[in-house]
Amino acid sequence: MDFADLDKSILFEDDAIVVINKPAGWVVNRSQTQSELTVQDWFATKIANYQQSTTNNQQTSEYGTPEEIFADRGGIVHRLDKDTSGVLLLAKTPDVLVELLRQFKERETEKTYIALVHGKLVPQEGIIKLPMDRSQNDPKKFAIVADGRESETRYSVVEYFPGLPEGISPKKGKSYQGFSLVECYPKTGRTHQIRVHMAAIKHPLVGDSTYGGRKRITLDQEWCPRHFLHAKKLCFSHPVTNERLCIEAPLPEELQNALNSFSYSL
């Protein structure tokens with residue numbers, strides 16, 4: 001892994017923000033358990049000259065001053081799972097970070113993900129409202145919990161593939177029951193939300209080793225190297241100009257190759 005990969009992934013940049021198409025395999029935040037380079041490490045090298053606020057907004061919130069919040073988060077506005085690719089928004093200054101965090105909290109942003117899931121998803125459009133929390137059986141996983149946090153995902157089926165991926169024989173793929181390419185529009189932003197919601201309605205993501213079932217995932221990995229989830233588009237208001245921006249990230253090669261197994265191209 002190299003910072004050059006992230007340099008090449010920039011979709012938009014100005015004095016206030018950077019938007020990247022995060023490659024799969026990159027962890028967003030630093031942590032005590034994370035020894036590899038992270039997006040936060042890379043971004044720290046870009047914002048050395050942007051440490052001061054561009055306004056005089058020093059109002060203290062319940063989370064501290066803008067500078068304290070910025071020091072804690074390092075400009076990270078939101079997160080994507082390590083093996084999820086796509087649009088990631090980063091703030092260059094404390095006041096910009098606070099404004100963007102507000103937009104996410106107030107649900108003024110619009111997020112679109114693309115996912116490939118097992119089975120034929122019916123109906124073609126729907127809303128999944130299932131509360132979530134950390135799993136009591138495995139602290140690394142999340143689960144549907146009756147008294148968990150409100151979680152809502154709207155979805156729309158783009159295409160249904162009734163056959164088998166190229167290279168998978170009928171004998172080997174006898175447990176497969178087709179695949180649905182789906183756009184997901186999460187209203188809330190819980191960790192692993194789309195993955196947990198789809199698994200809960202019996203349509204786990206292709207390649208999802210955490211929520212998809214061991215036997216099925218072993219076969220998935222023969223034609224899809226990681227879970228098929230990509231943050232396709234993010235719409236938000238520019239924190240300085242207030243212009244409404246919608247930034248899109250093209251599907252990465254490894255996921256397009258998986259779709260090519262069905263002779264389908266986004």
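About 50 Å³ of space lies in the largest cavity of this predicted model, and a search of the whole structure finds 1 cavity of 30 Å³ or more. A cavity is here a set of points, on a 1 Å grid over the protein atoms alone, where a 1.4 Å probe fits but cannot get out. Grid points are joined across faces, edges and corners, and a volume is the space filled by probe spheres set on the points. Rolling a probe the size of a water molecule over the atoms shows where empty space is left. The lining of the largest cavity consists of His-78, Leu-80, Val-87, Lys-111, Thr-112, Tyr-113, Ala-231, Lys-233 and Leu-234, where a lining residue has an atom within 4 Å of a point. Two or more of these residues come from each of strand 4 (110-118) and strand 10 (229-237). Helices (H or I, at least four residues) and strands (E, at least two) are DSSP runs, numbered from the N terminus. By class, the lining has 5 nonpolar, 2 polar and 2 charged residues. In this scheme Ala, Val, Leu, Ile, Met, Phe, Trp, Tyr, Cys and Pro count as nonpolar, Asp, Glu, Lys and Arg as charged, and the others, Gly among them, as polar.

Residues are numbered from 1 along each chain as its sequence is written. Because the model is predicted, local features need pLDDT of at least 70 and side-chain atom pairs count only at pLDDT 80 or more, whereas totals for chains, interfaces and linings use all residues; side-chain values use heavy atoms, with hydrogens and water left out.

Strand 10 is largely enclosed by the rest of the structure, because 7 of its 9 residues are buried. Buried means under 20% relative accessible area, exposed over 50%, and partly exposed in between (1.4 Å probe, protein chains only). Strand 10 pairs with several strands, two strands being paired if DSSP finds at least two bridges between them. Strand 4 and strand 10 run antiparallel and are joined by 6 bridges, with Ala-115 opposite Leu-229 of strand 10. Strand 3 (85-91) runs parallel to strand 10 and is joined to it by 2 bridges; there, Ser-85 has His-230 as its bridge partner. Strand 11 is antiparallel to strand 10, with 5 bridges between them. Phe-236 stands opposite Leu-245 in strand 11, and Leu-234 has Ile-247 as its bridge partner.

In a regular strand the side chains alternate between the two faces of the sheet. The hairpin of strand 10 and strand 11 has 6 residues between the strands, and in it Asn-242 takes a positive phi near 70 degrees.

His-238 also lies in the loop between strand 10 and strand 11. This residue is buried, with a relative accessible area of 6%. Its side chain makes a polar contact with the side chain of Asp-14 at 2.6 Å. A polar contact is a pair of N or O atoms within 3.5 Å; within protein, one must be able to donate a hydrogen and the other to accept it, and residues adjacent in sequence count only if both atoms are side-chain atoms. Leaving aside residues up to four places away in sequence, His-238 touches Asp-14, Ala-16, Ile-17, Glu-243 and Leu-245, contact meaning heavy atoms within 4.5 Å. Asp-15, in the loop between strand 1 and strand 2, counts as exposed at 56% relative accessibility.

Strand 9 (residues 179-186) is largely enclosed by the rest of the structure, since 8 of its 8 residues are buried. Both of its faces are covered, with Phe-179, Leu-181, Glu-183 and Tyr-185 on one side and Ser-180, Val-182, Cys-184 and Pro-186 on the other. Strand 9 pairs with strand 4 in the antiparallel sense over 6 bridges, and His-118 has Phe-179 of strand 9 as its bridge partner. Strand 8 (residues 152-161) is also antiparallel to strand 9, with 8 bridges joining them; Val-157 is partnered by Val-182 of strand 9.

In helix 2 (residues 39-46), the buried residues are Val-39, Gln-40, Asp-41, Trp-42 and Phe-43. These residues pack against helix 1 (3-7), strand 1 (10-13), strand 2 (17-22), helix 3 (66-73) and strand 3. Thr-38 caps the N-terminal end of helix 2, with a side-chain oxygen 3.3 Å from the backbone nitrogen of Gln-40.

Notes:
On a 1 Å grid over the protein atoms alone, a cavity is a set of points where a 1.4 Å probe fits but cannot get out, and a pocket is an open set with protein on both sides within 12 Å along at least five of seven lines; lining residues have an atom within 4 Å of a point.
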